[in-house]
Structure formats: structure tokens, C-alpha cells
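These are notes for a colleague who is opening this structure for the first time. Please read them with the model on screen.

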Amino acid sequence: MNQHAKSISFVLNGSKTEMLAQTHENLVELLNRLDLCGARESCGQGLCGCCTVIVDDMAVSGCLYPAAFVDGKIVTTIEHLDHDVTLSPVQQAFIDKGAFQCGFCTSGFVLMAHKLLEQRPMPTDDEIKDYLAGNLCRCAAYPEIINAVKSAARKMART
Ligand code: FES
Ligand code: FES
């Protein structure tokens with residue numbers, strides 16, 4: 001092992017994963033090496049939410065999170081939501097409500113919406129706006145995103 005890499009072991013989307021993390025790489029870059037490209041680096045400064053990943057139940061900015069720090073942790077990416085080939089209620093609602101245009105921001109919004117609905121099953125508009133304030137959509141699909149989150153909440157409440 002070279003001095004610029006660290007051996008890490010973590011649970012990635014439900015599977016134990018062992019690999020080398022380069023000391024210079026961030027979590028998005030490590031996930032990209034595993035062909036997981038849903039978390040996308042955009043601003044690279046922790047400002048846009050496009051790179052959102054869940055680490056030990058916390059949403060983190062993958063662009064700022066050192067890859068080696070996931071050692072011993074549980075990592076969940078957007079790819080895990082439809083691992084059984086069925087879209088989650090939030091994913092389906094984003095499609096049904098047309099809550100995206102280019103889609104670059106969408107995986108970050110969907111992951112954050114999942115976290116929100118875990119904590120607030122029936123959020124108000126203001127609660128949705130507050131919770132998603134760290135996610136930016138350059139296509140300005142905000143009204144549709146809020147509608148999608150509310151639609152998913154209603155659907156989840158019925159099941
Ligand atoms: S790319 Fe990480 S927050 Fe923008
Ligand atoms: S849909 Fe294009 S940035 Fe959000």
C-alpha cells in the first residue's frame with residue numbers, strides 16, 4: 001500500500017465494501033470509482049447539494065467529505081433507493097410532478113426529501129423549503145419539487 005492511500009472497510013448500500021481510499025480523494029470521487037455516479041460534484045464547495053450522500057444517517061456533502069472518513073461507517077447513495085427495481089415514492093413523485101428539467105440536482109433533492117419525510121412525515125411548505133435550503137436547482141424547478149415532496153408524503157401516509 002502506498003503512503004497516499006488508506007485501507008478502508010465500510011457498508012455501502014447494504015454491502016460490506018473494502019478498498020483503498022486515496023488520501024486526496026473525496027467521497028464523490030471514491031463512489032465514481034465504484035461506478036456510482038448519482039452523487040455529482042458541481043460547486044465543489046458544499047453549497048449546492050448535488051453531491052449529497054448519507055453517511056451514518058446524516059446527509060453530507062460528498063465533495064467536501066474525505067473518502068477515507070467512511071471507514072467503519074454506513075454509506076447510502078441515491079442508487080440504493082431503487083435497488084429492488086421499484087422506484088421509491090419520492091422518486092416516483094419527482095417524475096409524476098415533473099420536478100426536474102436537466103436533472104443534475106435531482107439525486108441530491110431526492111435523498112434530502114427522504115431524510116425530511118423520515119423526520120416529518122407530513123411537512124408544510126415552509127418546512128420543505130427550510131429542509132431543502134442547502135440544495136440548489138439551477139433550472140428553478142422549486143415549485144414542482146415542493147409539490148413532489150408533498151405528493152410523496154401523502155402517498156407514504158396511505159401505505
Ligand atoms: S458539489 Fe458538493 S455541495 Fe456542491
Ligand atoms: S433540474 Fe436542472 S439543476 Fe435542478
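Predicted model: local features only at pLDDT ≥ 70, side-chain atom pairs only at ≥ 80, totals over all residues.

1. Start at the interface of domain 1 and domain 2, where seven residue pairs are found in polar contact, both residues of each pair being at pLDDT 80 or more.

2. How many salt bridges are counted between domain 1 and domain 2? The count is one. Lysine 115 forms a salt bridge with aspartate 57, and their closest N and O atoms are 2.8 Å apart.

3. The bounds of the two parts should be kept in mind here. Domain 1 covers residues 5-77 and domain 2 covers residues 89-158. Between the C-alpha centres of the two domains the distance is 22 Å.

4. The size of an interface is often given as the accessible area lost when the parts come together. For domain 1 and domain 2 the buried area is about 1,100 Å², with 57% of it on carbon and sulfur atoms.

5. Next, look at E3 itself, which spans residues 52-55. Which way do its side chains point? Thr52 and Ile54 point one way, Val53 and Val55 point the other way, and all four are buried.

6. E3 has pairing partners in two strands. With strand E4 (residues 58-61) the pairing is antiparallel, over four bridges; valine 53 has valine 60 in E4 as its bridge partner. With strand E5 (residues 74-76) E3 also runs antiparallel, and two bridges join them. In E5, threonine 76 is the bridge partner of isoleucine 54.

7. The turn of the hairpin deserves a check. Two residues lie between E3 and E4, and aspartate 56 takes a positive phi near 50° in this hairpin.

8. Glycine 62 sits in the loop between E4 and E5. Is this glycine buried or exposed? Glycine 62 counts as buried because its relative accessibility is 0%, the cut-off for buried being under 20%. Apart from neighbours within four places in sequence, glycine 62 is in contact with Asn26, Leu27, Val28 and Cys51. Cysteine 51 is 11 residues away from glycine 62 in sequence, while the two C-alpha atoms are 5.1 Å apart in space.

Technical notes: Residues numbered from 1 in each chain as written. Chains lettered and ligands numbered in written order. Heavy atoms only, no water. Buried < 20%, exposed > 50% of the residue type's maximum accessible area, 1.4 Å probe, protein only. Pairing = 2+ DSSP bridges. Domains from an automatic or database assignment. Buried area = accessible area lost by both parts, 1.4 Å probe. Salt bridge = Lys/Arg side-chain N within 4 Å of Asp/Glu carboxyl O. Polar contact = N/O pair within 3.5 Å; in protein donor to acceptor, adjacent residues only side chain to side chain. Contact = heavy atoms within 4.5 Å.
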